[in-house]
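Hi everyone, thanks for making the time.

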Amino acid sequence: MNVDGVPYRSIWRQGRSFAIIDQSRLPFEFHVIDITHMESGARAIRDMQVRGAPLIGATAACSVALAMQEDPSDRALGHAVEHLAVTRPTAVNLRWALERMRGVLQSVSATDRADIAWQEAERICDEDVQLNQAIGRHGLTALRALCNQDRAGPLNVLTHCNAGWLATVDGGTALAPVYLAHDQGMALHVWVDETRPRNQGLLTAWELARHGVPHTFIADNAGGHLMRQGTVDVVIVGADRVTRNGDVCNKIGTYLKALAAYDNGVPFYAAVPGPTVDWTLECGDDIPIEERDAAEVIHVRGLDDAGAPAQLRILPEGSAASNPAFDVTPARLVSGLITERGIAQASRDGLLGLYPERRA
Ligand code: MRU
């Protein structure tokens, strides 16, 4: 994607290190960080300098490559995988990427490990871009079907959190169909949920503005009202983990949007690349939900009157705060899962229909 005319991915190799865009400083500051050690990669994931399920996986893979550069032993490989695996608990792409790296590297001699690790990490990054392109094409079909119905004005899409290019290596998942539709001249407008407490909606608004997609930033609580007014045609969100039965785990607040969409007959889609499906879990109740620091709820970030990034405390002393970071939307509320292989019904049979190799 372009930032002020310069094409960027959200992560890229730079010789013996890799670079990321520090998302904890966006949208107020655009800052690139060079990650030179596995531990800095782990910290970037934990502190959400990188975030979004696919990007978390890609960062973990590149961090394993850094570890192999320093020490290609079996012990170091095991340590890197174990250490990175606990940086964030909910997005299954993290475990998927680490298991893939370990699977490739454990049969490789120590002398070749660093090179092979970089090759595999870069392959994971490139594949992510391809998966998102395919999701974009399938999602576009769903958007076109909605446009063909008797309607006036732009197609109104509501999205929650950020499942755009920043959350992936490039292209985005939920926003991939939006970008494609916009590039092909479809008139659309995006309602962007703020997504408290970390306000990932700001990242979505920042992305959409850079791409010229018409959008409006709204408080998290506005979506239900807009749906009742008939000003939302479709909801598209990303996912951090989808279980075999089609339950969708995504950023906290997604479930409420799905309930409102269901009640108002608004189609609710989750964009789901293959690595986000956890074939080991039967249903969403088994997904570990990340509980983050309450400080994220107690404070808000923004710009002060002088235009400098600043943080404000909004909750006075004396009250407790809690910060569950994800929720589970039951499959029955999901109209479809937009995958790289097509749109699946959110069910065991729907998923297995697209991924028959997972029947075993
Ligand atoms: O806590 P985050 O910002 O990593 O959570 C991200 C989300 O919940 C996204 O919606 C999800 O990862 C899909 S990203 C393509």
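So, Asp193: buried or exposed? Asp193 counts as buried, because its relative accessibility is 0%. When I say buried I mean under 20% relative accessible area, exposed means over 50%, and partly exposed is whatever falls in between, with a 1.4 Å probe and only the protein chains counted. Asp193 belongs to strand 7, which covers residues 188–193. Helices here are DSSP runs of H or I with at least four residues, strands are E runs of at least two, and both are numbered from the N terminus. From Asp193 to Asn221 you go 28 residues in sequence, and the C-alpha to C-alpha distance is 8.4 Å.

Quick housekeeping before I go on. This is a predicted model, so local features need pLDDT of at least 70 and side-chain atom pairs count only at pLDDT 80 or more, while totals for chains, interfaces and linings use all residues. Residues are numbered from 1 along each chain as its sequence is written, and side-chain values use heavy atoms, with hydrogens and water left out.

Okay, let's stay around strand 7 and look at what follows. In the loop between strand 7 and helix 7 (200–211) you'll find Pro197. Asn199 isn't a glycine, yet its phi is positive, about 60°. Why point these out? Because most residues other than glycine have a negative phi, and most peptide bonds are trans. Asn199 has a relative accessible area of 11%, so it is buried.

There's another pair like that elsewhere in the chain. The Leu26 to Pro27 peptide bond is cis, with omega near 0°, and Pro27 lies in the loop between strand 4 (17–21) and strand 5 (32–35). Then there's Cys161, which has a positive phi near 65° without being a glycine. Look for Cys161 in the loop between strand 6 (155–159) and helix 6 (176–183). With a relative accessible area of 7%, Cys161 is buried.

Now, the ligand. Where does the ligand sit? The ligand sits in the largest cavity. A cavity, on a 1 Å grid over the protein atoms alone, is a set of points where a 1.4 Å probe fits but cannot get out. And "sits in" means that more than half of the molecule's atoms lie within 2 Å of the grid points. Two elements give two or more residues to the shell around the ligand: helix 2 (53–70) and strand 11 (248–251).

Which residues come nearest to the ligand? Of the 19 around it, they are Arg51, Arg88, Asp240, Asn250 and Lys251. Being near means having a heavy atom within 4 Å. The shell residues split into eight nonpolar, seven polar and four charged.

A side-chain N or O atom of Arg51 is 2.5 Å from an oxygen of the ligand. For Lys251, a polar side-chain atom lies 2.7 Å from a ligand oxygen. Gly52 uses a polar backbone atom, 2.9 Å from an oxygen atom of the ligand. On its own the ligand exposes 410 Å², and the protein buries 100% of that. Those areas come from the Shrake-Rupley method with a 1.4 Å probe.

Last stop: Thr276, in the loop between strand 12 (268–271) and strand 13 (277–278). Thr276 counts as buried, because its relative accessibility is 0%. What does its side chain touch? The Thr276 side chain makes a polar contact with the side chain of Asn93, at 3.0 Å. A polar contact is a pair of N or O atoms within 3.5 Å; within protein, one has to be able to donate a hydrogen and the other to accept it, and residues adjacent in sequence count only if both atoms are side-chain atoms. Thr276 is 148 residues from Asp128 in sequence, and their C-alpha atoms are 11 Å apart. Asp128 lies in helix 5, residues 110–148, and at 8% relative accessibility Asp128 counts as buried.

Definitions and conventions. On a 1 Å grid over the protein atoms alone, a cavity is a set of points where a 1.4 Å probe fits but cannot get out, and a pocket is an open set with protein on both sides within 12 Å along at least five of seven lines; lining residues have an atom within 4 Å of a point. Ala, Val, Leu, Ile, Met, Phe, Trp, Tyr, Cys and Pro count as nonpolar, Asp, Glu, Lys and Arg as charged, and the others, Gly among them, as polar.
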